[in-house]
Structure formats: structure tokens, C-alpha cells
Amino acid sequence: MEPDWLIERGLSGRDAVYVHVGGCWNAGKRSKGVTQEQALRALAEGVKPCPQCEPDNALGFLD
């Protein structure tokens with residue numbers, strides 16, 4: 001079963017670089033499924049939303 005939300009990590013494996021909607025074609029191999037709450041928290045902490053799948057819009061997240 002595919003997760004609803006993904007967080008993609010950078011090369012170091014520590015830093016989150018993108019939040020994605022589950023199933024995004026642009027999510028990298030270092031992406032991990034997360035809960036909606038974790039995805040919202042990551043966006044609030046400054047992790048960039050993927051420009052292709054726009055998870056911030058899907059989550060109703062406003063800066």
C-alpha cells in the first residue's frame with residue numbers, strides 16, 4: 001500500500017529536502033512514507049514542497 005505523504009532526504013540521509021504527495025513521480029529513492037501530521041510539520045519547519053506534486057496545496061498548508 002502506497003503512503004499518502006513522503007519526505008525525501010538529502011544525500012546525507014539526515015536532512016529532509018522535499019515533501020511529496022504519495023506516488024509523486026518526482027520522489028527520489030531516499031523518500032519515506034510519513035503521516036499527514038509529519039508532512040505538515042516538515043512544511044512548517046521549512047522543508048520545501050515538491051514543485052511537481054504540490055503537497056502544500058493538497059494539505060491546505062499556507063505560509
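The largest pocket of this predicted model has a volume of about 160 Å³. Its lining is formed by Ile7, Arg9, Ala16, Lys32, Val34, Gln38, Arg41, Ala42, Glu45 and Val47, and strand S1, strand S3 (31–34) and helix H1 are the elements that contribute two or more residues to it. H1 gives the most to this lining, with three residues. Sorted by class, the residues around the pocket comprise five nonpolar, one polar and four charged.

Several of these names return in the largest nonpolar core, which has nine residues in all: Trp5, Ile7, Val19, Val34, Ala39, Ala42, Leu43, Val47 and Leu59. At least two residues of this core come from strand S1 (5–9), and at least two come from helix H1 (36–44); it is H1 that gives the most, with three residues. Val47, a member of the core that also lines the largest pocket, touches Ala16, Val17, Tyr18, Val19 and Ala42 when residues up to four places away in sequence are not counted.

After H1 comes Gly46, which has a positive phi, near 100°.

A further glycine, Gly10, is found in the loop between S1 and strand S2 (16–21). Is Gly10 buried or exposed? Its relative accessibility is 10%, and because buried means under 20%, Gly10 counts as buried. Leaving aside neighbours within four places in sequence, the contacts of Gly10 are with Asp15, Val17 and Arg30. Between the C-alpha atoms of Gly10 and Ser31, which are 21 residues apart along the chain, the separation is 9.2 Å.

How values were computed:
Residues numbered from 1 in each chain as written. Predicted model: local features only at pLDDT ≥ 70, side-chain atom pairs only at ≥ 80, totals over all residues. Heavy atoms only, no water. Core = buried A, V, L, I, M, F, W, Y, C linked by side-chain atoms within 4.5 Å. Buried < 20%, exposed > 50% of the residue type's maximum accessible area, 1.4 Å probe, protein only. Helix = DSSP H or I, 4+ residues; strand = E, 2+ residues; numbered from the N terminus. Contact = heavy atoms within 4.5 Å. 1 Å grid on protein atoms, 1.4 Å probe; cavity = no way out; pocket = protein on both sides within 12 Å on 5 of 7 lines; lining within 4 Å. Points joined across faces, edges and corners; volume = space filled by probe spheres on them. Nonpolar A, V, L, I, M, F, W, Y, C, P; charged D, E, K, R; others polar.
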